[in-house]
Amino acid sequence: NQNIGMTKKRALEQLSEVISFWNPDGCIIMGDAQHPYRNHAEFGKIPVVYCDAIPEELSAGSNAVSIDSEAVANCAARELLTMGMESFAYVGYPRRYGWCKAREKCFRKIIEQNGKSFVSYRIPKSDTQLDEICRWIKALPKPTGIFAANDTVAEAIINACWICGIS
C-alpha cells in the first residue's frame, strides 16, 4: 500500500500492533526505500524480505527480492495486443518508482513497435480525485487497453470507470 497520509510514526505504531497480534514467523514487505518499514531492525528478531526494493537503499543485513518489471510489462502488452485495439495507456504513480518506470518503458516500447498509439497517465496522489481520473478516461479513444502499474492503481481505474459509467 502507498500509506497515503500516514505518518511514519503511525505506520510504525501499526506495525507494532500487527506484530503483537499475529506473532508472525516472518514478514514480506512490498515497497522501496521510502516505505515506512524499510529498516528491518523495526521488526525485532522477525525475518523480513523486502519485495521490489532497491537493495542498496535498505539497511545493512536486509534481504530483498525484485520483481521482473519488464517481464510483467511484456506479458501485459502481449495480452492486450491480442485484443485487436489500436490505442493503449499505462497508468502509474505520480512519484516515479523504479519498477513503475521500468514497466512503463517496456510497455511503451512494445506497443509502439507494433505501430499502436500510446499514452501514459500519473494517477492523482489520492483516489478521492476520481473526477480527474474520469475526465482522463473519458478523453481516451474507445477502446483503449489500459495497463495499470499495480493492483492499487487498477482498483482506482476500475472505480473511476464504474463512477463515470464506462465498462
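Predicted model: local features only at pLDDT ≥ 70, side-chain atom pairs only at ≥ 80, totals over all residues.
Me: How is a pair of aromatic rings described?
Reply: By the distance of the centres and the angle of the planes. Here the count comes to six aromatic pairs. Take Phe107 and Phe147: this pair is tilted, at 5.0 Å centre to centre and 50° between the planes.

Me: Which parts does that pair tie together?
Reply: Phe107 sits in helix 3 (residues 98–113) and Phe147 in strand 6 (residues 144–148), so the pair joins parts 40 residues apart in sequence. Both Phe107 and Phe147 are buried.

Me: Which aromatic pair is stacked?
Reply: Tyr121 and Trp136 form a stacked pair, with 4.4 Å centre to centre and 15° between the planes. Tyr121 belongs to strand 5 (residues 117–122) and Trp136 to helix 4 (residues 130–139), so this pair links parts 15 residues apart in sequence.

Me: Is Tyr121 buried or exposed?
Reply: Buried, because its relative accessibility is 11% and the cut-off is under 20%. Trp136, at 15%, also counts as buried.

Me: Where do nonpolar side chains tend to be in soluble globular proteins?
Reply: They tend to be buried together. In this model the largest nonpolar core has 36 residues, and Phe107, Ile133 and Val153 have the most contacts inside it.

Me: Which helix gives the most to this core?
Reply: Helix 3, with six residues. A second, separate core has nine residues, including Leu15 and Cys27.

Me: What does Phe107 touch?
Reply: Leaving out residues up to four places away in sequence, its contacts include Ala73, Leu80, Phe88 and Phe118. Ring pairs also link Phe107 with Tyr90, Phe118 and Phe147 into a cluster.

Notes
Residues numbered from 1 in each chain as written. Heavy atoms only, no water. Phe/Tyr/Trp six-rings, centres within 6.5 Å; stacked < 30°, edge-to-face > 60°. Helix = DSSP H or I, 4+ residues; strand = E, 2+ residues; numbered from the N terminus. Buried < 20%, exposed > 50% of the residue type's maximum accessible area, 1.4 Å probe, protein only. Core = buried A, V, L, I, M, F, W, Y, C linked by side-chain atoms within 4.5 Å. Contact = heavy atoms within 4.5 Å.
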